[in-house]
Amino acid sequence: MTIETPAIPGVFRGLPFEQYLQMPGVSKHELDLVSKSPAHYQAAKENPTEVTAAMQFGTAAHAWILEPKSAPDQVVVAPKVDRRTKAGKEAYAQFEMMAGNRVVISDEDARHLSKMSAAVGSHKLAGRLINDAREIEVSCQWKDERTGTLCRCRPDAISGNFIIDLKTTYDASRHAFASTLYKYRYHVQAAYYLDGCREAGLVDQDAQFLFIAVERKPPYGVAIYALTSEDLDRGRFQYERDLGRYAHCVKTGHWFGYTESIDYCHLPFYARKEIDALTGNE
Amino acid sequence: MSDIQPLDRGKELWNFASALSRSTIIPKAFQGQPANCFVALDMANRLGASPMEIMQNVYVVHGTPGFSAKYAIGMANKSGVFKGPICFEETGKGDNLSVTAYAIVRETEQRVEFTCDMAMARAEKWTSNPKYKTMPGLMLRYRAATLLIRTSCPEVLLGMHTADELEDVRYAKAAPAMMDDPIAKLNASIEEDEEPKEKDQPEPEEDLPPATQTELPELQVDDIPF
């Protein structure tokens, strides 16, 4: 059965991920590209990127941890065969036929996923939040009032009035997560999802956004992080700026790249501070 | 009677406070703090207590001094206002716990009392103070006795609060902000979960996985010949 790709604001349950990707609304990931430059967004639209092993692992982790019952429909473990031999090649070809569109992960990754899932399940709050989730991977679209742009998001889970996002990482410590937060603009995601889910009526106005970070290696540490309202405001400022830029490009049809004038490129703040401390120019 | 005679002149009192502040055997809040020692000396004079006794029983809770509740009870018992010491009656358990502090007024033989219960503690938001979870009986005794003293012989406290009162008020003030924060509520729910529960069923003999443990799906491909 094919579910039509909706082009209207609303909440859409049971939509496969592939279908969600086809929705016309702008996603946070697309805003990341617009933020780099509208040309990058346009290029990505025209040349979809290959699915990497890391992306597959992330997809498998989401299925395994959030929807363990239906995970076998989405994920399959690759057999251990020597694909240099004829028998191995045949066996793997047979496996690929059987696997279909499911995400294929290695036996080693499957072992890690089992442990990660157990770690999240036995974490006092993370386990409860996921077990009590009232929505899993629900898709929603809303219209940004300021620009009239149709936006979309797909929260991993909604538990009570908490929007949950699962992040697999090699280091879930607060310091490392803070750096990842900035690098991958998770604060923008949090603000975008919160505002979108509120607009779509999925959560109340006082909803919170939580990241459940789970490590991919032993001891499979699990940590839950929330953002301060100040950081959410920073994320909101950034996504509003990106949406404005996107709307401008749609209107003009000009998807510009980096600036053509010469720009100063500064050393990062921390590097300047460190060097200046040595030179005494603080 | 005070060990150190009252000093009438402020300058002499200040000199005494300065000397006292140089002592290393007085509580830390007074060491090197002649102004604090000055206040303690003044209180000692007015209460007829020794400066050391006052210094050992005054606690500063977020900038406000208060007596310890047990010292306040001791002072009331010693004051002669009551015939015999302040006594307590405890009824109910858990959320229904109630404590009455009572005493007999020496002059009138009248029984005076003050009751504090968990309902009052919750309504006043004192229960945000974690001590109401770990030792509710003691906390209610302190509050009931303090309020009995405050209503029956306020002169004993010189208008000061007890440190426990100040702590409760501090928690109560912090409570609305804390309870409005859903993250704080979620974190508080862990503490609630960790509280020991009464066991009404025998322990299972086998080790069972945690209740929240997610069942792992069987993802191995068994039907492929390798």
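In β5 of chain B, V112(B) is the bridge partner of A103(B). Here helices (H or I, at least four residues) and strands (E, at least two) are DSSP runs numbered from the N terminus, and two strands are said to pair if DSSP finds at least two bridges between them. The model is predicted, so local features need pLDDT of at least 70 and side-chain atom pairs count only at pLDDT 80 or more, whereas totals for chains, interfaces and linings use all residues. Residues are numbered from 1 along each chain as its sequence is written, chains are lettered from A and ligands numbered from 1 in the order in which they are written, and side-chain values use heavy atoms, with hydrogens and water left out.

The A103(B)–V112(B) bridge belongs to the pairing of strand β4 (residues 98–105) with β5 of chain B, which is antiparallel and has seven bridges. Both strands sit in an open sheet of three, ordered β3-β4-β5 (chain B) and paired in the antiparallel sense. Because β3 (82–91) and β5 (111–117) of chain B each have a single partner strand, they stand at the edges, and one side of each is left without a neighbour in the sheet. On average, neighbouring strands of this sheet are turned by 15 degrees against each other, direction ignored. Axes are lines fitted to C-alpha atoms, for helices over the stretch in contact, and angles run from 0 to 180 degrees between N-to-C directions. Helix α7 (residues 136–152) of chain B lies across β3, β4 and β5 of that chain, at about 140 degrees to β5(B). In the loop between β4 and β5 of chain B, E109(B) has a positive phi near 65 degrees although this residue is not a glycine. With a relative accessible area of 48%, E109(B) is partly exposed (buried means under 20%, exposed over 50% and partly exposed in between, with a 1.4 Å probe and protein chains only).

Elsewhere in chain B, helices α1 (residues 10–21) and α2 (residues 34–47) have axes that come within 8 Å and cross at roughly 120 degrees. The two helices, α1(B) and α2(B), are therefore oblique to each other; angles under 35 degrees count as roughly parallel, over 145 as roughly antiparallel, 65 to 115 as roughly perpendicular and the rest as oblique. From α1(B), residues including L13(B), W14(B), F16(B) and L20(B) take part in the contact, and from α2(B) residues including F38(B) and L41(B), where contact means heavy atoms within 4.5 Å. By class, this contact of α1(B) with α2(B) holds 10 nonpolar, four polar and no charged residues. Ala, Val, Leu, Ile, Met, Phe, Trp, Tyr, Cys and Pro count as nonpolar, Asp, Glu, Lys and Arg as charged, and the others, Gly among them, as polar.

Helices α7 (residues 107–122) and α8 (residues 124–131) of chain A pack at about 95 degrees, with axes 5 Å apart, which makes α7(A) roughly perpendicular to α8(A). In this pair V120(A), G121(A) and S122(A) of α7(A) meet K124(A), A126(A), G127(A) and I130(A) of α8(A).

Strand β9 (residues 208–215) of chain A has eight of its eight residues buried, so β9(A) is largely enclosed by the rest of the structure. Both faces are covered, with Q208(A), L210(A), I212(A) and V214(A) buried on one side and F209(A), F211(A), A213(A) and E215(A) on the other. Eight bridges join β9(A) to strand β8 (residues 162–169) of chain A in the parallel sense, and five join β9(A) to strand β10 (residues 222–226) in the antiparallel sense. The hairpin of β9(A) and β10(A) has six residues between the strands, and Y220(A) in the turn has a positive phi of about 55 degrees. P219(A) is also found in this loop, joined to P218(A) by a cis peptide bond with omega of about 10 degrees.

Strand β5 (residues 139–143) of chain A is likewise largely enclosed, because four of its five residues are buried. Antiparallel pairing joins β5(A) to β1 (residues 10–12) through three bridges and to β6 (residues 150–153) through four. V11(A) stands opposite C140(A), and W142(A) opposite C151(A). Between β5(A) and β6(A) lies a hairpin with six residues between the strands, in which G148(A) takes a positive phi near 75 degrees. In the loop between β4 (135–136) and β5 of chain A, E137(A) has a positive phi near 45 degrees, again in a residue other than glycine. E137(A) is buried, at a relative accessible area of 17%.
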